[in-house]
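Reader: I am new to protein structures. Could you take me through this one?

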Amino acid sequence: MSSLNVSRPCVFVFVFIPLYLFIFIFCVLNGKRHSVGKVSLYMEPWDPNGHLIEDIITRLQDETEGVPVRTVKSFLSKIPSVVTGSDIVQWMMKNLIIDDPAEAIHIGSLIAAQGYIFPISDHVLTLKDDGTLYRFQAPYFWPSNCWEPENTDYAIYLCKRTMQNKTRLELADYEAENLARLQRAFARKWEFIFMQAEAQVKKKDKTERKILDSQERAFWDVHRPVPGCVNTTEMDIRKCRRLKNPQRVKKSVYGVVDDTQTQSPVHTPSQQSSKDTREDVEKEVCILFLNTQLDRHCMKMSKVAETLMSYTEQYLDYDPFVTVPEPANPWISDDATFWELEASKDPSQQRVKKWGFSLDEALKDPVGREQFLKFLEFEFSSENLLFWLAVQDLKCHPLQEVAARAQEIWQEFLAEGAPSAINLDSHSYERTSQNLKDPGRYSFEDAQDHIYKLMKSDSYPRFLRSNAYQDLLLARKKVSLNLKSLSAACNESE
């Protein structure tokens, strides 16, 4: 009996206490309620019944029992309303009854990841047990407000950063890239975004402005985090709520309504009838068409006019309605010299210059096409142009010869072990091989487009910079000048 009495405390110590600790850790890590001191440790900051993180933050900011908030003097300025990371860790260990500093740092990092506290000199939202300075987030930016900021809000924020000539507000590399991307995406209404940002940059008290800037930056560090950091707003309880309430509207931080929202927030669709009427179908088609037109990429009128003017100026010397051709226009005269010069293998300076306008102009001219082919042969990529010309020729073949010619092109340029193999992407290759099961004039359309873009972006610019083209252009220019001077001398002698 005595041995049994002695063993019972040992069983309690070695069995029940570890079991209790295991349940405690399991409940904390899995978000279950477990009372520790006065606060329950489950990480659901916007739970309507708990508001755990916000309870901790409120107690942290308490004037008597919280962490001391102070102004720190730096070299040339003062940093207002900050606390140190070590102060926060010590407060958590004392008031949340936590023995392990690592656990306190972990809980603090979870709170920081939600944006309730943030380092003033870093975009990475974690808590460190050292002298790093932190600041509390304003309640307006708390995640419990269920913010779903739009890209327009982010664009306004980045615009404001660029307007203020402060070193601390300079854009990071990833923010500058985001600003450029948003500027392209919102080209139509960028002036409106800029005006909104300009209106919000107001002269305020220097200290108040500094605090607000850091709080706003921390808010966007949560919702548009640094590349490589975990986005804590990606999958959270707000997404679950929105799935249950699909008519919920996204909230704008700066009160700017995004154009992409197609459904009114106050409109609740009624139960649709089992059969839509013709008017309902026509209305849906009309709405779909209008939404497509709104999302369509549009250019500014000034850009369109500028492009049209540059195109007109480029072709000014080649338009017989504007510039009198030399020799005379054969359509209104009996002189066919102009056509003979255009068809000759000794191109004029105007023809050679026209090759530089676009790849189409170079390929339309027989001499230009021949010169470009010579250049490609020099670069060991002539098979690209030969394939493009073969496909162009296929489109003009009689229908009864198309199938045989298509197979010849495949064997020469695309088949395994082809003598003049071209470099195609997998998508174009698959589409072309499928088309050849029922060959037609346009079976190689995808492959031809791919090769054309390859030549246009790679080979053609090098051709224009090559010595062959530049020398030809210069030689034709000298010939043209000599002819003009000779013609002028003849006129004077007459």
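Predicted model: local features only at pLDDT ≥ 70, side-chain atom pairs only at ≥ 80, totals over all residues.

Reader: Which element gives the largest share of the largest nonpolar core?
Author: The largest nonpolar core has 35 residues. Elements that give two or more residues to this core include α15 (366-378), α16 (382-394) and α19 (445-465). With 7 residues, the largest share comes from α19.

Reader: Which residues does leucine 414 touch, leaving out those up to four places away in sequence?
Author: Leu414 is among the residues with the most contacts inside the largest core. Phe387 and Phe444 are also among those residues. Leucine 414 touches Phe387, Ile409, Ile422, Leu424, Tyr429, Thr432 and Phe444.

Reader: How far apart are the end C-alpha atoms of helix α5?
Author: Helix α5 covers residues 151-163, which makes 13 residues. At 1.5 Å a residue, the helix should span 18 Å. The model agrees, because the end C-alpha atoms are apart by 18 Å.

Reader: What covers the buried residues of α5?
Author: Of the 13 residues in α5, 10 are buried, so the helix is largely enclosed by the rest of the structure. Among the buried ones are Tyr154, Ile156 and Leu158. The cover includes α6 (173-185), α7 (190-200) and α8 (206-223).

Reader: Is phenylalanine 321 buried or exposed?
Author: Phenylalanine 321 sits in the loop between α11 (301-314) and α12 (337-343). With Leu316 and Val322, Phe321 makes a nonpolar surface patch of about 360 Å². Exposed means over 50% relative accessible area. Phenylalanine 321 has 81% relative accessibility, so it counts as exposed.

Methods
Residues numbered from 1 in each chain as written. Heavy atoms only, no water. Core = buried A, V, L, I, M, F, W, Y, C linked by side-chain atoms within 4.5 Å. Buried < 20%, exposed > 50% of the residue type's maximum accessible area, 1.4 Å probe, protein only. Helix = DSSP H or I, 4+ residues; strand = E, 2+ residues; numbered from the N terminus. Contact = heavy atoms within 4.5 Å. Expected span 1.5 Å × (residues − 1). Patch = residues over 30% accessible without salt bridge, like charges linked within 9 Å, V, L, I, M, F, W, Y side chains within 5 Å. Areas by Shrake-Rupley, 256 points an atom, 1.4 Å probe, with all protein chains shown as cover. Salt bridge = Lys/Arg side-chain N within 4 Å of Asp/Glu carboxyl O.
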